[in-house]
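Please open the model in your viewer and keep the sequence panel beside it. The tour below moves from the whole chain to two selections.

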Amino acid sequence: MALISLRDISLAFGGPKLLDNASLQVETGDRICLLGRNGAGKSTLLRLIDQQFPADSGVIDRQQGLRVALVDQEVPAQLRGKVREIIRPARPTADNWQDEHGISQILSHLQLDGDADIATLSGGMKRRVLLAQALASEPDILLLDEPTNHLDIATIDWLEEFLLRLRTTLMFVSHDRMFARRLATRIVELDRGRLYDFRCGYDEFLQRRDELLNAEQKEWARFDQKLAEEEIWIRKGIKARRTRNEGRVRALQKMREERNKRRERTGKVRMQLQSGERSGQLVAEADRVSFSYGEDQVISELSVRIMRGDRIGIIGPNGAGKSTLLKLLLGQLEPTGGILKHGTNLQVVYYDQLREQLDEAKTVQQNLAGTQDQILIGGKPRHVIGYLQDFLFSPERARTPVKVLSGGERNRLLLARLFTRPANLLVLDEPTNDLDVETLDLLEELIMEFQGTVLLVSHDRTFLNNLVTSCLVCDGSGAVTESVGGYDDWLMQQRKAVTREKPSAGKKREKPKAARQRKLTFKERHELAELPGLIEQLETEQAELHERMADPSFYQQLDGSAISAVQLRLQEIGALLEGYYQRWEELEAIPE
């Protein structure tokens, strides 16, 4: 049975209709992911369901006594006080003890300290408080607007598990593809004012949505051809005005009206990276580099070598020093210990997650080109307005102050600004926040085709998996470890390490006894003697393959299967080395 039913809903705020005769039913137990382009009206739809304003027309039927709670994108600036008081339900009840018990349970589930002052909490913990506040109202429908924004990966994992265990009906807006894959039982796409309901998971939605759009394009092509033929006929003159042809004339007028009402799908962002001159083979090398803010050590004895063509992801919890590590590697901060070398001929483009490079008082156009009306793209002049249209800014929007832009628009503007400059080292600090799926896909393609080196901080697990060749993992204690592959590869290595550390089920780990201590056998001594040579051979081959893949011509000369074979061999080498290292340690521990 439907908890809430929207029928023929229309809503506009001066421009094109955000909702145009849209209909939707939300049923008990649904976990609906609401998708759509930036500015399509997704947040507006959530607020409409939350009864923050009425629709212009249409009918909304609700179950009697239906309770809805919305967790918004941003933490309200006026939120003050102790956590327990903030989440306490506003509605009065007769059973105060039951309310307090429920609050304590929510605090426990969300791992919150009820006596903490919210002003002292991190952004991620403040989002937990808002979620707790929503749950305390015992909603029948929980609405979440971009719940993963600005959360680190560990918190996103926790949130996914929490919501999967929660039995409340859920409707959420998210551009985090892995989050949508794990949670959604239905996908609803808001496109040109209409709601398209796909009762399936995320991956099947992508396929069915493409089929739907292709069918729409073919239907429009047939319609436009028919309209063109009728326009030619009407221009023939007198024959078209005979009484027996009046029906055809009326049909043509109806076709014209239908064509004028058509809403084209929002265009795709057209981005292009300006490749700079080729950098040196070495981009940066850290030898036991440390960095501290006073007594607080953020990076401890980091040793890493970054070569031309590497695509490195930097991951870790919020506050672990990821942005500090970036600035350290770029030379924007001086290490407090160790030696840091930089390569030659580096041309850096740096995407700042805090968007400090944008002047909010100036317009979009001024942020891009100052008082000029032209910019150089690839050495050729181009009009600012035309370039901004590639990033989906209309001429009117280009003259709008930055302070009124949405999060997605600000991200697109910063990308537009950065991509005017040539680069061979691309540094991206949380570039995916607020970007819609289509723009994310294009950004991934650009980075994959980029001939230079990439340093990427992101909490988007799919983005990391699709792009990076290795990860630097900050654990928050100052230690930074290197891991081959993307986020899932690192996660798999972590699980293997945990499995190795655990004793066998049902068995107690016995303390080694001196009487039982054995010595190396003849075969084991021989194996121990051979291991260093085997490891050296594999490490040499690994270094050679990495060097081949760092050369941009490697991707131009080989087909996809040959590139995959090299990548597969690298994975095999990594697995072999891990086994050899482990065996070496085991044999070294046995006395000769």
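Buried here means under 20% relative accessible area, with a 1.4 Å probe and protein chains only. By that criterion, 45% of the 592 residues in this protein, which is a predicted model, are buried.

If you switch to a surface, the accessible area comes to about 31800 Å², and carbon and sulfur atoms hold 48% of it. Among the contacts with a separation of 6 or more, 68% are between residues 24 or more positions apart.

Next, select residues 282-293 and 296-307, which are strands S10 and S11; they run antiparallel and are joined by 8 bridges.

Is Arg461 buried or exposed? Its relative accessibility is 1%, so Arg461 counts as buried, the cut-off for that class being under 20%. Displaying the residues around Arg461 shows what it touches beyond four places away in sequence: Ile153, Ile156, Asp157, Glu160, Asp176, Met178, Phe179 and Tyr487. To finish, draw a distance between the side chains of Arg461 and Asp157, which make a polar contact at 2.9 Å.

Definitions and conventions: Residues are numbered from 1 along each chain as its sequence is written. This is a predicted model: local features need pLDDT of at least 70, side-chain atom pairs count only at pLDDT 80 or more; totals for chains, interfaces and linings use all residues. Side-chain values use heavy atoms; hydrogens and water are left out. Two strands pair if DSSP finds at least two bridges between them. Helices (H or I, at least four residues) and strands (E, at least two) are DSSP runs, numbered from the N terminus. Buried means under 20% relative accessible area, exposed over 50%, partly exposed in between (1.4 Å probe, protein chains only). Contact means heavy atoms within 4.5 Å. Accessible areas come from the Shrake-Rupley method with a 1.4 Å probe; for residues, only the protein chains shown count as cover. A polar contact is a pair of N or O atoms within 3.5 Å; within protein, one must be able to donate a hydrogen and the other to accept it, and residues adjacent in sequence count only if both atoms are side-chain atoms.
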